Amino acid sequence: MKKIIALSCLLLLCSFAASAQKFALIDMEYILKNIPAYEMMNEQLSQVSKKWQNEVEAIQQEAQNMYKTYQSDLVFLSAEMKTKREEEIVQKEQEAQDLKRKYFGPDGELYKKRASLIKPIHDEIYNAVKEISEDKGYQLVMDRASDASIIYASPKIDISDEVLIKLGYSK
């Protein structure tokens, strides 16, 4: 009997502790969309990306032109000249692929530039969320935009506008 009473008291205490936790949500996409510095950063990245893409395309076009010239001169070339031209074309195509990987690969220049530009914005958002959480006693703040497992969340617990106000971008 004492075990049953002790167990029920323990369950009751656990349920009070669980109900006392406070949660909040933010929508990172919404927050970023309302920060002008983020939009400027995206525009800057877009311009750099276009510039680098043009460089890659120029080398690819050069390789294509080399191949067309090779095709038209094929009947006049010796076996040694054919091999040399083929190697030059392959080398030019490889150069284009290497440049593309350098700029746009998983650890490429575009990725590094994006990471360096977005870090200060993310740090600012994180600090604002942390301050709001400490002030209002939230134990957990989740990002609605990145977590696909959230099926429904009450708009009452979304603090995205508070974060924007804290950052100085009033809504």
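Leaving aside neighbours within four places in sequence, Y111 is in contact with G105 and P106. Contact here means heavy atoms within 4.5 Å. Y111 lies in helix 5. Y111 and L45 are 66 residues apart in sequence, but their C-alpha atoms are 9.7 Å apart in space.

This is a predicted model, in which local features need pLDDT of at least 70 and side-chain atom pairs count only at pLDDT 80 or more, while totals for chains, interfaces and linings use all residues. Residues are numbered from 1 along each chain as its sequence is written, and side-chain values use heavy atoms, with hydrogens and water left out.

**The overall plan**

The protein chain has six helices and two strands. Helices (H or I, at least four residues) and strands (E, at least two) are DSSP runs, numbered from the N terminus. Along the sequence the pattern is α-β-α-α-α-α-β-α. Of the 171 residues in the protein chain, 23% are buried. Buried means under 20% relative accessible area, exposed over 50%, and partly exposed in between (1.4 Å probe, protein chains only). Take the contacts between residues at least 6 apart in sequence: 75% of them join residues at least 24 apart.

The expected span of a helix is 1.5 Å times one less than its number of residues. Here is how two helices compare with it.

| Helix | Residues | Expected span | End-to-end C-alpha distance |
|---|---|---|---|
| Helix 3 | 38 residues | 56 Å | 55 Å |

Axes are lines fitted to C-alpha atoms, for helices over the stretch in contact, and angles run from 0 to 180 degrees between N-to-C directions. Angles under 35 degrees count as roughly parallel, over 145 as roughly antiparallel, 65 to 115 as roughly perpendicular and the rest as oblique.

Buried residues of helix 3 include Y38, M41, L45, V48 and W52. Helix 2, helix 4 and helix 5 are among the elements that cover the buried residues of helix 3. In helix 4, the buried residues are I89, K92, A96, L99 and Y103. They pack against helix 3 and helix 5. An α-helix has 3.6 residues a turn, so residues three or four places apart point the same way.

**The cores**

A nonpolar core is a set of buried Ala, Val, Leu, Ile, Met, Phe, Trp, Tyr and Cys residues joined through side-chain atoms within 4.5 Å. The largest one has 20 residues, and I31, I35, Y38, I125, I159, V163 and L167 have the most contacts inside it. Strand 1, helix 2, helix 3, helix 5 and helix 6 each give two or more residues to this core. Helix 5 supplies the largest share, six residues. Not counting residues up to four places away in sequence, I35 touches I121, I125, L164, L167 and Y169. Another core, of seven residues, lies apart from it, with W52, I59, A96 and L99 among its members.

**Helices 5 and 6**

The axes of helix 5 and helix 6 are 9 Å apart, and the two pack at an angle of about 115 degrees. That makes helix 5 roughly perpendicular to helix 6. Residues making the contact include I125, A128 and I132 of helix 5, along with V163 and L167 of helix 6.
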